[in-house]
Amino acid sequence: MRYDILVLGGGPAGLSAAVTARVRSQSVLVIGNRWQDSPLARAERVDNYLGMPGRTGVEMLEEFYRHAQELGVEFVTGRVVSALNWEGWHLTVGSQVCEGAALILAPGVVRTAKYPGEEQYLGRGVSYCATCDGMLYRNKSIVVVGLSADAPAEAEYLRSLGCQVTYLSPKKSDRLEIKGEQTVTAVQSGGEILPCEGVFILRSAVAPTDLFPGLETEKGAILVDRRMATNLPGLFAAGDCTGAPLQISKAVGEGLIAGLSAAEYIKQSDAERTK
């Protein structure tokens, strides 16, 4: 199904953007982890959010989520593994593709240090999505680096395709290096060499710079203007992903601006098409 606006991330910034866009009569889909998994949910007490002192993080998120639901925001739980900008934005979430005319990034801070060789062999043996690329490795030997809750299930899916799977848990992947020539040929885990033809690195989230080649950043933060627009057309960002201060009030304010800007972008795009 196609929506006016896709929002990547269901924390305060993403929900603020979604609510604002719905008030502007835009259809909105929020993609991300469960709100219960948000870092804010672990806060025992929040005293610096205007008008809501003394709430726990869970209490705040419950109210934010309920507000969005009551306005008709739709949700899908999952990890975005690929993005395509063609007549709008197309995000692959598991086995489904979500489409939107505009996209707002609000994933929080995604810390994903690369393994040696990971970036070098991306697309040449390194993959982040079992559903997307599994058939390419049918009857071949692969290594699955399981860093997400659904990694064991994805490994089983790859086995069902006929892949010869070696599974590495997070502890075993601490000292990991991807080796190859033109394509991946092996994974070194500690002192052990594991010959393989592919590596699936299954993290709980993929960094925005991996999903959106060409996205401008500075010191790890996504660069935006006062409209929360990035350098890519139709792509906006809000919240912790745009840099400090990492505060709820800042995230909610930026989410509001991003929602307004995305709605205005769609309005202008529609007007240009009808000229």
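In the predicted model, helix α1 (residues 12–23) packs against helix α6 (residues 248–273) at an angle of about 35°, and the axes of the two helices lie 7 Å apart. The crossing of α1 and α6 is right-handed. On the α1 side, the contact is made by Pro12, Ala13, Ser16, Ala17, Thr20 and Ala21. These residues meet Ile248, Ala251, Val252, Gly255, Leu256, Gly259 and Leu260 of α6. By class, the residues of this contact comprise 9 nonpolar and 4 polar, with no charged residue among them.

Helix α6 also contains Ser269. Ser269 is classed as buried because its relative accessibility, 16%, falls under the 20% cut-off.

The structure holds 1 cavity of 30 Å³ or more, and the volume of the largest cavity is about 30 Å³. The lining of the largest cavity is formed by Thr112, Tyr128, Arg203, Ala205, Val206, Ala207 and Asp210. Sorted by class, this lining has 4 nonpolar residues, 1 polar residue and 2 charged residues.

Conventions: Residues are numbered from 1 along each chain as its sequence is written. This is a predicted model: local features need pLDDT of at least 70, side-chain atom pairs count only at pLDDT 80 or more; totals for chains, interfaces and linings use all residues. Side-chain values use heavy atoms; hydrogens and water are left out. On a 1 Å grid over the protein atoms alone, a cavity is a set of points where a 1.4 Å probe fits but cannot get out, and a pocket is an open set with protein on both sides within 12 Å along at least five of seven lines; lining residues have an atom within 4 Å of a point. Grid points are joined across faces, edges and corners, and a volume is the space filled by probe spheres set on the points. Ala, Val, Leu, Ile, Met, Phe, Trp, Tyr, Cys and Pro count as nonpolar, Asp, Glu, Lys and Arg as charged, and the others, Gly among them, as polar. Axes are lines fitted to C-alpha atoms, for helices over the stretch in contact, and angles run from 0 to 180 degrees between N-to-C directions. Helices (H or I, at least four residues) and strands (E, at least two) are DSSP runs, numbered from the N terminus. A crossing is left-handed if the near helix is turned anticlockwise from the far one by less than a right angle, and right-handed if clockwise. Contact means heavy atoms within 4.5 Å. Buried means under 20% relative accessible area, exposed over 50%, partly exposed in between (1.4 Å probe, protein chains only).
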